[in-house]
Amino acid sequence: MSARAEHARSAWLAMRTLVLDQYDRRPAVADALGMSYIRVKALRRVAAGPVTMRELAESIGSDPPYTSVLVQDLAARGLVERAERPDDRRVKVVSITQAGRETVRRADEIQNEPAAVLARLDPAELATLDRILQELLSR
(Lines give C-alpha, C1' and ligand atoms only; values in the text may rest on other atoms or scores of the structure.)
Protein backbone atom coordinates (compact mmCIF):
# COMPACT_ATOMS: atom_id res chain seq x y z
CA MET A 1 0.00 0.00 0.00
CA SER A 2 1.35 3.42 -0.92
CA ALA A 3 2.05 6.06 1.72
CA ARG A 4 -0.77 8.18 0.26
CA ALA A 5 -3.23 5.29 0.52
CA GLU A 6 -2.11 4.56 4.08
CA HIS A 7 -2.60 8.20 5.08
CA ALA A 8 -6.01 8.28 3.43
CA ARG A 9 -7.02 5.09 5.25
CA SER A 10 -5.71 6.42 8.56
CA ALA A 11 -7.52 9.77 8.13
CA TRP A 12 -10.76 8.03 7.18
CA LEU A 13 -10.55 5.70 10.19
CA ALA A 14 -9.86 8.64 12.50
CA MET A 15 -12.85 10.63 11.15
CA ARG A 16 -15.12 7.60 11.36
CA THR A 17 -14.00 6.79 14.90
CA LEU A 18 -14.41 10.38 16.05
CA VAL A 19 -17.87 10.90 14.58
CA LEU A 20 -19.43 7.45 14.85
CA ASP A 21 -17.73 5.85 17.82
CA GLN A 22 -16.41 8.41 20.29
CA TYR A 23 -18.81 11.31 19.72
CA ASP A 24 -21.91 9.73 18.18
CA ARG A 25 -24.78 12.13 18.85
CA ARG A 26 -27.52 9.79 17.59
CA PRO A 27 -28.28 8.27 21.03
CA ALA A 28 -28.53 11.76 22.57
CA VAL A 29 -30.91 12.86 19.82
CA ALA A 30 -33.07 9.74 20.25
CA ASP A 31 -33.16 10.19 24.05
CA ALA A 32 -34.00 13.89 23.89
CA LEU A 33 -36.80 13.36 21.39
CA GLY A 34 -38.11 10.11 22.86
CA MET A 35 -37.96 8.22 19.58
CA SER A 36 -35.66 5.90 17.71
CA TYR A 37 -33.04 7.47 15.48
CA ILE A 38 -34.58 5.86 12.36
CA ARG A 39 -37.70 7.93 13.10
CA VAL A 40 -35.55 11.06 13.33
CA LYS A 41 -33.92 10.10 10.03
CA ALA A 42 -37.31 9.68 8.39
CA LEU A 43 -38.52 12.97 9.83
CA ARG A 44 -35.45 14.76 8.49
CA ARG A 45 -36.10 13.35 5.04
CA VAL A 46 -39.73 14.50 5.12
CA ALA A 47 -38.58 17.94 6.31
CA ALA A 48 -36.70 18.30 3.02
CA GLY A 49 -40.02 18.16 1.16
CA PRO A 50 -43.10 15.97 0.77
CA VAL A 51 -42.33 12.41 -0.31
CA THR A 52 -44.26 9.33 -1.22
CA MET A 53 -44.08 6.38 1.13
CA ARG A 54 -41.99 4.53 -1.46
CA GLU A 55 -39.53 7.41 -1.81
CA LEU A 56 -39.24 7.66 1.95
CA ALA A 57 -38.57 3.93 2.32
CA GLU A 58 -35.84 4.07 -0.32
CA SER A 59 -34.19 7.16 1.10
CA ILE A 60 -33.94 5.79 4.65
CA GLY A 61 -33.06 2.24 3.59
CA SER A 62 -36.19 0.65 4.99
CA ASP A 63 -38.78 -1.73 3.62
CA PRO A 64 -42.28 -0.39 2.90
CA PRO A 65 -44.08 -2.17 5.78
CA TYR A 66 -41.65 -0.83 8.37
CA THR A 67 -41.78 2.62 6.78
CA SER A 68 -45.56 2.53 7.25
CA VAL A 69 -45.05 1.78 10.95
CA LEU A 70 -42.60 4.69 11.24
CA VAL A 71 -44.94 7.11 9.48
CA GLN A 72 -47.93 5.98 11.56
CA ASP A 73 -45.95 6.70 14.72
CA LEU A 74 -44.73 10.08 13.46
CA ALA A 75 -48.30 10.98 12.45
CA ALA A 76 -49.63 9.93 15.87
CA ARG A 77 -47.07 12.29 17.43
CA GLY A 78 -48.33 15.11 15.18
CA LEU A 79 -44.99 15.40 13.37
CA VAL A 80 -46.08 14.41 9.86
CA GLU A 81 -49.27 14.20 7.84
CA ARG A 82 -50.23 11.64 5.22
CA ALA A 83 -52.43 12.46 2.27
CA GLU A 84 -53.49 10.76 -0.93
CA ARG A 85 -51.85 12.02 -4.08
CA PRO A 86 -54.62 13.72 -6.08
CA ASP A 87 -53.75 11.98 -9.35
CA ASP A 88 -53.43 8.51 -7.76
CA ARG A 89 -55.26 7.87 -4.49
CA ARG A 90 -53.31 4.65 -3.94
CA VAL A 91 -50.14 6.70 -3.41
CA LYS A 92 -49.68 8.32 -0.01
CA VAL A 93 -47.61 11.49 0.33
CA VAL A 94 -45.99 12.35 3.64
CA SER A 95 -45.35 15.96 4.62
CA ILE A 96 -44.01 17.58 7.76
CA THR A 97 -46.03 19.60 10.28
CA GLN A 98 -44.87 22.64 12.21
CA ALA A 99 -44.30 20.39 15.25
CA GLY A 100 -42.21 18.13 13.01
CA ARG A 101 -40.09 21.08 11.88
CA GLU A 102 -39.50 22.03 15.51
CA THR A 103 -38.48 18.45 16.29
CA VAL A 104 -36.01 18.43 13.39
CA ARG A 105 -34.63 21.76 14.62
CA ARG A 106 -34.08 20.27 18.09
CA ALA A 107 -32.46 17.16 16.58
CA ASP A 108 -30.13 19.31 14.47
CA GLU A 109 -29.23 21.45 17.48
CA ILE A 110 -28.12 18.36 19.42
CA GLN A 111 -26.48 16.62 16.48
CA ASN A 112 -24.57 19.70 15.33
CA GLU A 113 -23.04 20.51 18.72
CA PRO A 114 -19.28 20.10 18.15
CA ALA A 115 -17.40 17.59 20.23
CA ALA A 116 -15.50 19.26 23.06
CA VAL A 117 -12.27 17.78 21.72
CA LEU A 118 -12.40 20.28 18.84
CA ALA A 119 -12.19 23.19 21.29
CA ARG A 120 -8.79 21.87 22.38
CA LEU A 121 -7.32 22.60 18.94
CA ASP A 122 -5.69 25.94 18.52
CA PRO A 123 -7.58 28.33 16.22
CA ALA A 124 -5.17 27.84 13.29
CA GLU A 125 -5.46 24.04 13.49
CA LEU A 126 -9.23 24.28 13.70
CA ALA A 127 -9.35 26.61 10.70
CA THR A 128 -7.13 24.21 8.72
CA LEU A 129 -9.29 21.22 9.64
CA ASP A 130 -12.43 23.12 8.66
CA ARG A 131 -10.92 24.21 5.33
CA ILE A 132 -9.83 20.67 4.47
CA LEU A 133 -13.20 19.15 5.38
CA GLN A 134 -15.12 21.82 3.48
CA GLU A 135 -12.93 21.18 0.46
CA LEU A 136 -13.64 17.45 0.66
CA LEU A 137 -17.37 18.09 0.90
CA SER A 138 -17.35 20.30 -2.17
CA ARG A 139 -15.69 17.74 -4.43
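Good morning. The structure I am presenting is a predicted model.

Let me start with the overall architecture. The chain contains eight helices and three strands. Reading from the N terminus, the order of the elements is α-α-α-β-α-α-β-β-α-α-α.

Next, the dimensions. The C-alpha trace spans about 55 × 35 × 20 Å along its principal axes. The radius of gyration of the chain is 19 Å, whereas a compact globule of 139 residues would have a value near 14 Å. As for burial, 25% of the 139 residues count as buried. The chain exposes about 9600 Å², and carbon and sulfur atoms supply 54% of that area. Turning to contacts with a separation of 6 or more, 51% of them are between residues 24 or more positions apart.

I shall now turn to one pair of helices. Two packed helices are described by the angle between their axes and the distance between the axes. Helix α4 covers residues 53-60 and helix α5 covers residues 64-76. Their axes come within 9 Å and cross at roughly 105 degrees. Angles of 65 to 115 degrees count as roughly perpendicular, and α4 and α5 are therefore roughly perpendicular to each other.

Which residues in α4 and α5 meet? From α4 there are M53, L56, A57 and I60, and in α5 they meet P64, T67, S68, L70 and V71. By class, this contact has seven nonpolar and two polar residues, with no charged residues.

Thank you for your attention.

Key: Residues are numbered from 1 along each chain as its sequence is written. This is a predicted model: local features need pLDDT of at least 70, side-chain atom pairs count only at pLDDT 80 or more; totals for chains, interfaces and linings use all residues. Side-chain values use heavy atoms; hydrogens and water are left out. Axes are lines fitted to C-alpha atoms, for helices over the stretch in contact, and angles run from 0 to 180 degrees between N-to-C directions. Helices (H or I, at least four residues) and strands (E, at least two) are DSSP runs, numbered from the N terminus. Angles under 35 degrees count as roughly parallel, over 145 as roughly antiparallel, 65 to 115 as roughly perpendicular and the rest as oblique. Contact means heavy atoms within 4.5 Å. Ala, Val, Leu, Ile, Met, Phe, Trp, Tyr, Cys and Pro count as nonpolar, Asp, Glu, Lys and Arg as charged, and the others, Gly among them, as polar. The radius of gyration is taken over C-alpha atoms; the globule rule is 2.2 Å times the number of residues to the power 0.38. Buried means under 20% relative accessible area, exposed over 50%, partly exposed in between (1.4 Å probe, protein chains only). Accessible areas come from the Shrake-Rupley method with a 1.4 Å probe; for residues, only the protein chains shown count as cover.
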